[in-house]
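Me: I'd like to learn how to read the features of a fold, one at a time. Can you walk me through this one?

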Amino acid sequence: MSNQAIPPLPSTPHWQALAQHWQAISPLQIRDLFREDPGRFMRFSIEAGPLLLDYSKNRITADTLPLLIALARAAGVPEAIERMFRGERINSTEQRAALHTALRNRSDTPVDVDGEDVMPGVRAVLAKMRQLTEAVHAGEYRGHGGSSITDIVNIGIGGSHLGPLMATRALRPYRKGHMRVHFVSNIDPADLGEVLEQLDPGSTLFIIASKTFTTLETLTNAEAAKRWFFDRIGDPAAVGRHFLAVSTNLEATRRFGIDDDKVFEFWDWAGGRYSLWSAIGLPIALCVGMDRFEQLLAGAHQMDRHFRTAPLERNLPAVLALLSIWYTNFFGAQTHAVVPYDQHLEFLPAYLQQLAMESNGKRVTAAGQVIDYATAPVLWGAPGTNGQHAFFQLLHQGTVFVPVDFMTPLQGHYRIGRQQELLFANCVAQSEALMRGKSEDEVRAELAVAVTPHAIEHLLPHKVFPGNKPSNTLVYERLTPETLGALIALYEHKTFVEGVIWRINSFDQWGVELGKQLASRVASELETQAIGTDHDGSTRGLMNRFIHVRHGDPVPPNSE
């Protein structure tokens with residue numbers, strides 16, 4: 001079938017069936033569905049590895065999931081899953097495989113890319129990571145002057161930053177000794193400057209994470225860190241002891257002064273936002289130890305096996321993806337909130353923002369056709385209970401429709417009074433409140449015991465909660481490395497299934513390139529003070545203002 005012969009997605013029979021189903025059930029209240037079906041929790045929950053998903057508080061009936069699964073089968077989701085795990089070039093615009101699953105493959109099964117098993121190379125890098133991390137933790141790897149390494153600085157951006165940052169913060173209870181790990185990504189000099197002022201150069205190890213070793217922000221920060229280091233140490237040879245790289249560009253790392261044996265290999269079939277399982281995860285391993293890092297990989301591998309083998313109706317990533325399709329494309333949800341009731345997951349919403357929106361924020365199909373339906377919703381969130389005092393007012397009584405993913409441990413790493421019980425109570429209470437709401441009759445009955453009839457009528461509209469707001473709840477016993485690995489892999493595969501159904505390539509990110517190209521040109525023109533005539537008036541005005549202020553010249557008036 002030619003591209004021209006493929007019907008638009010909204011006109012396909014399975015999509016039309018879902019649209020009709022949405023019209024039929026949209027008036028239903030979730031609280032009524034629970035009243036009618038005492039077994040709804042058991043019917044709409046899935047357990048996979050360390051995770052339990054309760055999706056019973058969704059606006060679905062027994063007929064909804066079969067219709068969504070029919071859509072997924074028609075889109076070729078089972079076949080696409082196999083193609084990904086087999087190492088086929090599913091990243092069609094870059095002609096690459098998407099084999100982040102190979103990075104955490106804990107089995108003896110080979111994984112072929114273009115006829116070559118990639119697993120020996122993956123294991124070799126893991127062994128090299130183990131050798132370095134164990135030497136650092138044992139005090140055998142020492143800095144200039146014989147100092148033990150006490151601080152790690154990861155310099156990267158995007159996937160080379162968010163993944164290690166999120167995982168390192170999440171696994172704080174497993175930190176080895178007193179190792180401190182810092183992350184620098186922003187080209188804003190405050191980001192690097194505030195880290196450097198905390199450090200002793202002789203006991204600091206820098207990791208420069210850049211696949212091509214050409215990323216503007218990363219290389220700018222890396223060069224500044226090297227100047228800072230040299231100004232204080234004064235020995236060019238010491239750079240090779242204190243700077244490591246995760247890159248494929250050996251020529252560039254050599255020019256920087258990094259020895260080849262301190263460069264950790266990367267592969268083009270592992271995209272940046274899917275790369276924390278590789279040597280990009282070196283800061284994680286240095287923080288928690290290589291054994292814990294491999295437990296992280298094992299948890300993800302367990303989710304990989306579940307994703308590949310479980311039927312769609314019991315497939316945790318697939319069900320989450322199908323619910324996202326349901327709300328994005330049929331209820332018109334434009335955003336999706338992620339609210340972890342686990343302080344250790346404070347950076348998970350930011351990590352998932354990149355995963356979801358860089359992967360699926362696309363306007364054309366993989367075949368190049370312009371899309372006329374919604375793809376990735378805006379993903380956002382914050383840890384509970386902080387979020388309750390920030391944006392939950394909007395979730396409960398605002399005018400926008402926002403599905404929510406809650407997640408919470410049953411046990412924490414610290415026992416302080418009743419705080420864990422209160423945390424869990426708040427999580428399940430918020431999901432119940434969003435679903436139940438509070439009717440006019442309930443508000444009247446509540447106010448009648450203490451308020452006059454006149455006051456009741458005044459307060460009534462302000463205290464009614466519409467309810468019927470859907471949510472998922474992910475529960476796990478405790479946030480261990482295995483649990484974190486499974487959780488991240490779950491959302492990776494959810495994102496992939498969404499992309500298959502939306503007919504898009506979830507593994508490229510051309511949308512970030514234009515801004516990079518223009519930024520390089522603008523930076524050059526600011527340096528030479530020669531602003532191009534083809535810039536628009538706004539850009540020229542802003543550039544002129546910057547040049548005048550930087551050089552101490554009088555600022556021209558903003559109006560004629």
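Me: Let's start with the aromatic rings: how many aromatic pairs does the count come to?

Reply: This is a predicted model, and the count comes to 22 aromatic pairs. One of them is Trp22 with Phe331, an edge-to-face pair with 6.1 Å centre to centre and 85° between the planes. Planes over 60 degrees apart count as edge-to-face.

Me: Which parts of the chain does the pair of Trp22 and Phe331 tie together?

Reply: Trp22 sits in helix α1 (residues 13-25), while Phe331 is in the loop between α15 and β10, so the pair links parts that are 309 residues apart in sequence.

Me: On to sheets. What's the general idea?

Reply: Strands of a sheet pair through backbone hydrogen bonds, and the pairing can be parallel or antiparallel. In this model, 6 strands make an open sheet with mixed pairing, in the order β1-β2-β13-β12-β10-β11. β1 and β11 (378-380) are the edge strands, each pairing on one side only. On average, neighbouring strands here are turned by 15° against each other, ignoring direction.

Me: Which helix lies across β1, β2 and β13?

Reply: That's helix α15 (residues 316-330), which runs at about 30° to β2. β13 spans 471-476.

Me: What is the strand order in the open sheet of 5 strands?

Reply: The order is β6-β5-β7-β8-β9, and the pairing is parallel. β6 (180-184) and β9 (263-264) each have a single partner strand, so they stand at the edges with one side left without a neighbour in the sheet. Strand β5 (residues 151-155) pairs with β6 over 5 bridges in the parallel sense, and Ile152 has Val181 in β6 as its bridge partner. Helix α8 (residues 159-170) lies across β5, β6 and β7 (204-209), and runs at about 150° to β6.

Me: Now helix packing. How do I read a crossing angle?

Reply: Angles under 35 degrees count as roughly parallel and those over 145 as roughly antiparallel.

Me: Which residues of α16 and α21 meet?

Reply: On the α16 side, they include Leu348, Tyr351, Leu352 and Leu355. The α21 side includes Leu487, Ile488, Tyr491 and Glu492.

Me: How does α14 cross α21?

Reply: The axes of helix α14 (residues 290-309) and α21 come within 7 Å and cross at roughly 40°. That makes the two helices oblique to each other, with a right-handed crossing. Leu296, Gly299 and Ala300 are among the α14 residues in this contact, and Gly485, Ala486 and Ala489 are among those from α21. The contact's residues divide into 11 nonpolar, 4 polar and 3 charged.

Me: And at what angle do α7 and α14 pack?

Reply: Helix α7 (residues 119-137) packs against α14 at about 150°, with the axes 10 Å apart. That makes α7 roughly antiparallel to α14. Leu126, Met129, Arg130 and Thr133 in α7 meet Met290, Asp291, Phe293, Glu294 and Leu297 in α14.

Me: Last one: what should I look for in the backbone torsions?

Reply: Most residues other than glycine have a negative phi, and most peptide bonds are trans. Phe213 isn't a glycine, yet its phi is positive, about 60°. You'll find Phe213 in the loop between β7 and α10 (216-233).

Me: Which residues does a cis peptide bond join?

Reply: Gly384 and Thr385, with omega about 15°. Thr385 lies in the loop between β11 and α17 (392-397).

Key. Residues numbered from 1 in each chain as written. Predicted model: local features only at pLDDT ≥ 70, side-chain atom pairs only at ≥ 80, totals over all residues. Heavy atoms only, no water. Contact = heavy atoms within 4.5 Å. Helix = DSSP H or I, 4+ residues; strand = E, 2+ residues; numbered from the N terminus. Axes fitted to C-alpha atoms, helices over the stretch in contact; angles between N-to-C directions. Parallel < 35°, antiparallel > 145°, perpendicular 65-115°, else oblique. Left-handed = near helix turned anticlockwise from the far one by under 90°. Nonpolar A, V, L, I, M, F, W, Y, C, P; charged D, E, K, R; others polar. Pairing = 2+ DSSP bridges. Phe/Tyr/Trp six-rings, centres within 6.5 Å; stacked < 30°, edge-to-face > 60°.
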